[in-house]
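Hello,

Here is the structure I promised to pass on. Please have a look at it first, and then read on for what I found.

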Amino acid sequence: MSDVKKFLYVNRKAPYGTIYALESLEVVLIGAAFEQDVALAFLDDGVFQLTKGQNTEEIGMKNFSPTFRALGDYDVQKLYVERESLEERGLSEDDLIEVVYEDEDDDWAEKPAIRVISRAEMSDVMAEADVILSF
Amino acid sequence: MSTLHTVNKSPFATQALVSCLNHAKPGDAVLMIEDGVYGGLGGTGLTDIIVEFGKNVSLYVLSPDLAARGIDAGRLAPGVEGVGYDGFVDLVTKHDRTQAWL
């Protein structure tokens, strides 16, 4: 289908200090309903959005990190996370939540959606997108 | 296939410009707008880095934003070119996609 475009949502902000991260997730969920090829990129402080164990009870804000785990149900299969951004912040893949999707081409096997890639690979992902939405 | 990157924050306040330059590919263009225009200045702590990236990437600042801040185009770093709103539109049409670095 030639009318399917590759949408890339670029996330560069930490989750609770500004509204960018929550708004990005809202837009991704809306966009996913239009059956486009959707991918998310997390770099710079954006990698903090995916850390395990977020607890916002005492700051009066919604903890939206569990919502990322629902992305697989919306057929969002690609969450690219930049390795250099993780390392600069003392994080590794083990510190991140798990997000899976069901691969229809492989008997609906559950597969990890988070893909840790290098900065150079992130440049390639960006250059291959038809539309980039930044948050 | 190339990308126009826009940066609207001062590089002395956020990492947006440096991160942008680290992800830009040869043949891409970077247009500094709003407070981003401070990234185009010569004689700053970042000028050498920006001039180096300018060998592979075309660097522009939006002249009205520069003028608004009282900065003369003569203070731009070597290789950084001022463009007007019409030039901004030309850059958007010349590249395959636009990526905003917020």
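Before we start, a word on burial: a residue is called buried if 20 or more other C-beta atoms lie within 10 Å of its own, exposed if 12 or fewer, and partly exposed in between, with C-beta atoms placed from the backbone. This is a predicted model, in which local features need pLDDT of at least 70 and side-chain atom pairs count only at pLDDT 80 or more, while totals for chains, interfaces and linings use all residues. Residues are numbered from 1 along each chain as its sequence is written, and chains are lettered from A and ligands numbered from 1 in the order in which they are written.

Let me begin with the sheet of chain A. Helices (H or I, at least four residues) and strands (E, at least two) are DSSP runs, numbered from the N terminus, and two strands pair if DSSP finds at least two bridges between them. Chain A has an open sheet of five parallel strands, ordered β6-β3-β2-β1-β7. The edges belong to β6 (114–117) and β7 of chain A, and each has a single partner strand, so one side of each is left without a neighbour in the sheet. On average, neighbouring strands are turned by 25 degrees against each other, direction ignored.

Now along the strands. In chain A, β3 has four of its five residues buried, so it is largely enclosed by the rest of the structure. β3(A) is joined to β2(A) by four bridges in the parallel sense, with A:Val81 as the bridge partner of A:Phe42. Four parallel bridges also link β3(A) to β6(A), where A:Ile117 stands opposite A:Glu82. At β7(A), the pairing with β1 (residues 6–11) of chain A is parallel, over four bridges, and A:Phe7 has A:Val131 as its bridge partner.

Two helices lie across these strands. Angles run from 0 to 180 degrees between N-to-C directions, and axes are lines fitted to C-alpha atoms, for helices over the stretch in contact (C-beta atoms, placed from the backbone, within 7 Å). Helix α4(A) lies across β1, β2, β3 (78–82), β6 and β7 of chain A, at about 140 degrees to β3(A).

Finally, the contact between the chains: 13 residues come from chain A and 12 residues from chain B. On the side of chain A that touches chain B, α4(A) gives the most, with five residues.

Best wishes
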